[in-house]
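Please open the model in your viewer and keep the selection panel at hand. The stops below each name what to select and then what is there.

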Amino acid sequence: MKLRKQVTVCGGAIFCVAVFSLYLMLDRVQHDPARRQSSGNFPRSQISVLQNRIEQLEQLLEENHQIISHIKDSVMELTDTGAVSPSGHLPFRSANGSWVLPFDGRPTFLAVKPQDCQFAVGNRGQADVQMLDVYSLLKFDNPDGGVWKQGFDITYEPDEWDNEPLQVFVVPHSHNDPGWVKTFDKYFTDQTQHILNNMVVKLAEDPRRKFIWSEISFFSKWWETADIHKQEAVRKLILGGQLEIVTGGWVMTDEANVHYFAMIDQLIEGHQWLERNLGITPRSGWAVDPFGHSATMPYLLKRANLTSMLIQRVHYSIKKHFASTRSLEFMWRQAWDTGANTDIFCHMMPFYSYDVPHTCGPDPKICCQFDFKRLPGGRINCPWKVPPKTVVEANIAERAHLLLDQYRKKSKLYRSKVLLVPLGDDFRYDKALEWDQQYINYQKLFDYMNTHPEMHVQAQFGTLTDYFNAVYKAHSIPQGSRPPEYPVLSGDFFAYADREDHYWTGYFTSRPFYKSLDRVIESHLRGAEILYSLAVANARHAGMEGRYPVSDYALLVDARRSVGLFQHHDAITGTAKENVVIDYGTSWTQQDQGIIIIPAYVVLFNPVEQERLCAVTVLVNTVRVRILTEDGQTVPVQLSAQWSSASQMSAEVFEVKKRVFNKLSQHVGSTLHTSIKRKDDPREVKVQMQFMVYGTRPSKDKSGAYLFLPDGKAKPYNQKEPPVVRVVEGPLFSEVVAHYQHFQQTIRIHNVPGVDGLSVEITTMVDIRDQTNKELAMRLVTDIQSGDVFYTDLNGFQMQPRRHYLKLPLQANFYPMPSQAYIQDSHHRLTLHTAQSLGVSSLESGQLEVIMDRRLMQDDNRGLGQGLKDNKKTANRFRLLLERRSTGNKMTDSGTTSFPSILSHMTDAVLNHEVLALPVLPKRRGIPPLQTFAPLKSLLPCDFHLLNMRSIQSQDPHSPSPYTALILHRLGLDCGLEVQNLGFNCTTTQGQLNVSGLFKNLDLQLLQPMSLTLMHSSTPLANDSTISLDPMEISAFKLKLR
C-alpha cells in the first residue's frame, strides 16, 4: 500500500512537471516580443516567425515527451524492484536486496576491426627449432658424459683446420653483481673501482689486450670519481677497440620476474648514459648470469639495434642437445613473428658455467690450468688438484698444444671455424697482479700458436663484437644477418637446471614482498614520467617554462636508477643477502598510505590510457563522509571498517570506497568452494581454492633462495581452529574475508560497470614467519578441461604456451608468472592476473597453482650462504577473470602462440596501475584552486599501450631536454573471447595513430622514429603524419611538444 502510494505521488509529480513545462512553453510563445499584432492582420514576415515558433514548440513537446517517457520507465523500474530511496540519495538498497547505483549514462561501444583480429589466428614464420618441441623430444636424463660430465666425448680429425685455420678470440671479462653477498656500494669500494682503475692502466700497456664491461650502474659511479685523464684514457681504449661495452644496460637484468617496462627502462638508462658520456652505441648483448632466458630479451635488444647476443644459463640437457646438433648458435625469432623481422643472432655457451674452468673447452680439469689467477701461492686453486703453470720457454709447446686441443674440441660444437673463449669470473681483475698473470701468460701462448703454422690456429684477445664480426665475415654476410644453414629458434629457456634435478624455480617466488613493492614503484615511476613530460610541455606552451621547477628532474633520474638497479638478477629474484635486500629497499622512497583528515582535498590520477570507472580507497578518521567533485556533484561512497584484528574494528580509521556476476559459497577447512558464473552465460564454472604446503627434502640438497626441491607433492594446509569468516556487503563492493593462522584471504566483487566489475579481486595476506622449511601455495581446482597445457606470460609482454611433463620432476614444471597465467578448454578461459611476479604451474588438468611465499632455513649451495628467513607479511594481489570462448576458436590451442583478449589486457592494466589518490594540503585557508587535467584530446586505440612518456636528458644529467620519448606497444589480441561492456569506448585502427591529434593544448614540433633506447634515429616524419605499428610491436619516437 505504501509503495503504491509512493508511485502515485511520483506519477502525480511527473504530470505536474509536464503540465508546468507546457505552460512555460506556451507562455514563451505568447510573450514573444517578435510576435506583434497589427489590427488583427498578420504581415507575411510575422506569419513565418509564428510558423518557426510552432515548429520549436513541437520540438520542445517531443523532447518533453521523451523526458516523461524516461522518467516513467525509471519509475516502473523502481516499482518492479520495490526500490525507492528513503532519503533521495544514491546509492540505496532496494526491497529485493539489490543496490541501486547512479545511472552511468555514457554509452560505450566496442569497435575492433576484423583485420586487427587476424594476427592471433594468422600463419607464423616457420622456426627450425621450437622449444616446445625440444621439451617433448628430450628424455631429460643425465648420463655421465666423461670429462664433460653433462655432455659427451668430443673427437676431431687433426687435419680439419688445414684449409681454414681456427680463429680463437679470448675475451677477458669481469662479472660485477650490483649487489649480492655485498651491497652495491661495498662491492664498488672493495673491488669494482680497482678493476676499472687497473683496466685503464693495464690495457694501455699493450694494444693487443682487450676487455669487455656490461654493468653501467657500476661504470657510471666509477666515472664520477675518475679524473679527466682516466676518462680520456677510457675514450681512447673504446675508440681503439680494446674496451667494449656489452649490452650497456644499467644492470644485467633478470629475465624471469621482471616486467618489460622495467627491462626497457634500465636499458634506456644505461644507453642514455653511454650516449651522453662516451658517445657509443652497444652492438652485442652479454647475459652470462641470469637464471634462464626469456624470449622478450632478444626482441628488446633487436629493437635497440643490437645485432648479436650471448646467453649462458640454460638447462644442461638442452645445452647437450644443441651441442650434438651444432645448434648452439641460432637466429632467435619471436614465436608470433610472421616473417623474420625479429631475428637476432644468438650464441649459447655450451658448458656448466661462465668461469675459466668451463669456458676453454669440455675438460674443466685442463681449462682450470689456464686460469692463471689460480697459480700456486694465490688465494684460490683448482678443485681438480692440477694447478696452472707459469708459461716459460721450457713448457710453452706442451702448454700450447694442451690448450689448443680444448679449443678444437669446443669448436666442434659450432658451425664456423671461429671460436669464442671467455676469460673471467665474478669480480675478476681487481688486482694488478691478475692482469699480468692472465695477459702475459696468454700472450706467450698466442705468440707461440700464431708462429707455428702447423698448428693451424690464429689466437688473440678480442671483444665480444670482434668474435661476432669474425663469424659474419667467415660467412661473407653483413652484421646481424643469418649465416647460411644456421637454425631459426622460437621459444624461451625456462626452467633452468644446472645439475641433476636442481631446478632454479624457487626464485620465481623468493621474497615476494619486494617483488610486489617493485611493481608498485614501477607504476608510480611510469605515472611520474608521463605527468612530468606533460607538465613541462604545458608549461612551455603557456610561456611559463622558467617558472616550472625542472630541478625535479633529478628526482626522476634517481627513481629510474633505483628501479633499474632492482632489476638486477640477484635483486628482484630474491637471491641476495638479507642486508643487501634492506639496502635495495632503502633506495626506494616508501610512503605509507596516510589517513585523510576530513575535510580534505584529493587529486585522483588514472595512469591507464583508457577511461575507467572504478572504486578508489582512501582512509579517513570519521564516519561522516561526503565526497564532492570539483563542480560540486556528490560521488557515491561506501564506508567500511578498518579491522585491527580478525574480529576487532578500529575506532579511529575507516575505509572509504568511492566509486557482479559471481556467486560465493561457504568456506570448509582451507578450501574455498566457489563457482563463477557470468551474468549472460547459463553455464557455471566450478572453482575450488585450496591452500597447500610444500616441505623440503630431508637429504643434503634442500630448497633455498634459488632452488625448489620439494619433499614430494604438496599437502593440504590445516589448522585446528576453523577460520574466522567476515562478510561485507555494500553498494560498490562486497567481500568475504577468511582469517587463517598463516594467511588472510579476501575475495571481493566490484559492483561497477566495466572492467572492474568483470573479474573477482583476490588478496592473500601471507605471514609464514613462524614456519620452518615450508612453502605456501594457492591452488585453483576447476572443471575446465585444460589437459596438460597451460599458458604463462613472459615479462608482461607476451604469452608462452607450457606443457606439464610427467617425465620431469615436480619442480621442473613451475614457470615465472610476472603478470598472468591461464588455462582453457573449448568453452572457457580462466585467467589469474597477478600484481607481483610469482612461480606458477598446472600440475593437473583444470588446475593453476601459485607459490605465495617460501621460508627456508638453509643455503642451497649456489654461493649466497643464507636461507630465506627474512619473510615479511606480504599482500599478494590477483584478479580472476572468466571468459567464454566463441565457437571456432579452438584451432589455435595447439599452436606456439596465444594472446590475451582486450578485456584481459585491460584487467592487467587496472590491476598493475591503480588509480592514485594524492592528498592535497592547501597552502592557505579556503578551497585550493584544483581542476581536472585531461591531457589527451582523443583516446588511444584500445590495442595501444602507452608504455612510457620519458623526458629525455640534456647534457646536464639533472635537467631535461626539450624532447620526450614516446614509447608505444601495440597489443596482440585474441578476439575469440566474448566481450562484455568494458565501460569505455574501445576502437582499433589497424595500428594507425595520429600523434599530433593526441594531446590537448600542445603543438607537436617534432615526430622522429627512434630505436628503442633512443640511440639510433630515423628521418623525422611530417608533424601531422600517421604512425603505424604492427601487432606486438614496441616502437619509440622522439617528440618535441610545446
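Select aspartate 265, which lies in helix H8 (residues 260–277); helices here are DSSP runs of H or I with at least four residues, strands are E runs of at least two, and both are numbered from the N terminus. Aspartate 265 is buried, at a relative accessible area of 3% (buried means under 20%, exposed over 50% and partly exposed in between, with a 1.4 Å probe and protein chains only). Apart from neighbours within four places in sequence, its contacts (heavy atoms within 4.5 Å) are Leu525, Arg560, Asn948 and Arg950.

The model is predicted, with local features requiring pLDDT of at least 70 and side-chain atom pairs pLDDT 80 or more, whereas totals for chains, interfaces and linings use all residues. Residues are numbered from 1 along each chain as its sequence is written, and side-chain values use heavy atoms, leaving out hydrogens and water.

Next, select helix H5 (residues 184–204) together with helix H7 (residues 228–239), whose axes come within 10 Å and cross at roughly 55°; the axes are lines fitted to C-alpha atoms over the stretch in contact, with angles from 0 to 180 degrees between N-to-C directions. Show Asn197, Met199, Val200, Leu203 and Ala204 of H5, which meet Lys230, Ala233, Val234 and Leu237 of H7.

Finally, select strand S8 (residues 284–287), where Ser284 and Trp286 point one way, Gly285 and Ala287 point the other way, and all are buried.
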